[in-house]
Amino acid sequence: MVDNSLVRMEGITKLFGRVAALRDVDFEVARGEVVGLVGDNGAGKSTLIKILSGVYPPSAGKLFWQGSEVRLKSPRAAMRLGVETIHQTGALVEGMDVKRNVFLGRELTKSFLGLRLLDLHRMGKEALQVVSGIGLRLRSADVEVSTLSGGQRQSVAIASAIYHKQELLILDEPTNNMSVRESRKILEMTRNLRDEGISSILISHNLNDVYPVSDRIYVLRNGKVLGVWRQEETSVDALCEAVMSEE
Amino acid sequence: MLEQMRNALTGLLRIKMLAPLIMTVALIGIFQYLSPHLLSARNLRSIVELLPELGLITIAVSILIVSGEFDLSVGAVLALSPLIGVRLMQVNVPPWIAIVLALGCCAAIGAIQGGICLRWRIPSFIVTLAGLMVWRGVVLVTTRGFPLSMPAEASGVVAALSQRVGMFRIGFFYFIAFTLVLWLMLERTRFGNWVFAVGGNEATAHIRGVNPRRVKMMCFVLCSVLAGFAGLVQASRLGVALATAGSQYELMAIAGAVIGGVSLAGGKGTIIGAAIGAFVIQLIQNGLILARVPGYWFQFFVGVVIVVAVVVGQLGERMKAKWAR
């Protein structure tokens, strides 16, 4: 147990048919904490995150939000609670432009002759502002996402998540496709958000990314929590050994 | 200077119905060259006379295609809707109520077909192909192929759906009104943004908090209701409900949508483009007659225009992608 718990998962198990992607996992994030979640491919990182963001229901186990038990029926339910997730793939609709992507599902509207119409002007302006805040220079927010590079897309996805300023930000492999400079910017951002009281979960297989910015680090292996360490009590090498260790 | 030209060109290419517009102008040029009567007031009136029925179906199907689904049953629903209306009037249901009930049945058809597709994840192509046969079958069985006249007491309904307003029939104005309303819905409302998102990438739309099933369901129902409305407009214009009404409209509607720049993969397209696409099909039909080309060539030319439209659209997309950076 941590003080000031924001979200707590207890005994989470997830079965896909007869395959257990997660087995009896306990996981917890405190308010204003950056938690690293590492593990090899197939360790269950993405599955755990999908349960926490309402994409999958767990097969067994409980989920507590600020101390009270909750059931997340849909991604929308998780968002309403205050969970914002950037999934590893498919965070954006490629055929749509940047502003429509940033505000997808939470479009800004204005009233026009009694109709609620999209406020495309404001969406464009604010989308440009938030992407430039994380270091992405775009000519306009009208460009289609399919024309952007991998790193630029990732920035747009992250921008859309931080725009909505939720209580918990989940970043699944955020530095994929990103240059070193872009990655550093994103990792710094999680520190800044922490100072504003926003918690983050950082999922990566790159320990060098996760270690410097995380307060605590969970290591998953074969669908189980192998261990959890406070950052100052461990090192990249020790974590690396844990991830690679045989059962 | 170069920068300005580039911006102007990208701006121009961003107009999504550019390709169908160019196509229309080119076809008008060709047909006008072949026959000087094309742009005469009388001929324009006859093009516009037939446009609303195919046009309404085309914009209806386009919304569904943008959401990532198909509806092949629209032609059959077009025939079924006035049939239900007339049958109800024959058993003394007041005409206006009969019309509303007929449209209600169309909504139910859309909901049933959509429900089957979404509940059991069956491709809508298959479900609505079955729908095309089932509903056309219902029409043929109940009428035995004979036309049903609109009863005399339906004159108010007939007038409201087909009377002349100035140079055109009122159906044309319904078509224009629906085009504008649906355009506004798709481009400028939250629901429209969800339709594009669901059609572009359903999984993404879902994780971003959109309910893809609900969005698609609305599109299925809307499509069937519009097809039913088109059927009522047509039956009112002709004075009879024909058992064969709307045959092949399902394919012409898809053709119109594609000519108008709607992507069959979903997630892309505009309603105004689709409306222009429907106009292009009417234009081909009419232009060929004026040019004294045997009617047998009609399908051939629609086919050619589809291919040209798609190729032009693709080139435009590529240029846009290159210059947008």
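**A strand and its surroundings**

Mentor: Strand β6 (residues 83-86) of chain A and β9(A) pair in the parallel sense, over four bridges. Strands count as paired if DSSP finds at least two bridges between them. The strands themselves are DSSP runs of E with at least two residues, helices are runs of H or I with at least four, and both are numbered from the N terminus. Keep in mind that this is a predicted model: local features need pLDDT of at least 70, side-chain atom pairs count only at pLDDT 80 or more, and totals for chains, interfaces and linings use all residues. As for labels, residues are numbered from 1 along each chain as its sequence is written, while chains are lettered from A and ligands numbered from 1 in the order in which they are written.

Let's stay with β9(A), residues 168-172. Five of its five residues are buried, so the strand is largely enclosed by the rest of the structure. Buried here means that 20 or more other C-beta atoms, placed from the backbone, lie within 10 Å of the residue's own; exposed means 12 or fewer, and partly exposed is in between. L168(A), I170(A) and D172(A) point one way from β9(A), L169(A) and L171(A) point the other way, and all are buried.

Now look at the partners. I170(A) is the bridge partner of T85(A). Five bridges also join β9(A) to β10(A), and these two run parallel; there, D172(A) has I203(A) in β10(A) as its bridge partner.

Follow the chain onward and you reach E173(A), in the loop between β9 and α6 of chain A. Its phi is near 50°, a positive value in a residue other than glycine. Most residues other than glycine have a negative phi. E173(A) has 20 C-beta neighbours inside 10 Å, which means that it counts as buried.

The buried residues of α6(A) are E182(A), S183(A), I186(A), L187(A), M189(A) and T190(A). They cover an arc of only 145° around the axis, which puts them on the same side of α6(A); the arc is that of the directions from the helix axis to the C-beta atoms. On the other side of α6(A), V180(A), R181(A), R191(A), N192(A) and D195(A) are exposed.

What do the buried residues of α6(A) pack against? They pack against β3 (34-38), α5 (150-163), β10 (199-203) and α7 (207-213) of chain A. Just after α6(A), G197(A) takes a positive phi of about 90°.

Elsewhere in chain A there is an open sheet of four strands, ordered β2-β1-β4-β5, with antiparallel pairing. Its edge strands are β2 (19-30) and β5 (68-69), each pairing on one side only. Two bridges join β4 (residues 60-65) to β5(A), and F64(A) stands opposite E69(A) in β5(A).

Step back, and chain A has eight helices and twelve strands. A compact globule of 247 residues would have a radius of gyration near 18 Å, and chain A has 18 Å, which agrees; this radius is taken over C-alpha atoms, and the globule rule is 2.2 Å times the number of residues to the power 0.38. Of those 247 residues, 46% count as buried.

Finally, chain A has a neighbour. Chain B comes to 14 helices and four strands. The contact between the chains takes 22 residues from chain B and 23 residues from chain A, where two residues are in contact if their C-beta atoms, placed from the backbone, lie within 7 Å. On the chain B side, α9 (190-200), α10 (202-207) and α14 (298-324) each supply at least two residues.
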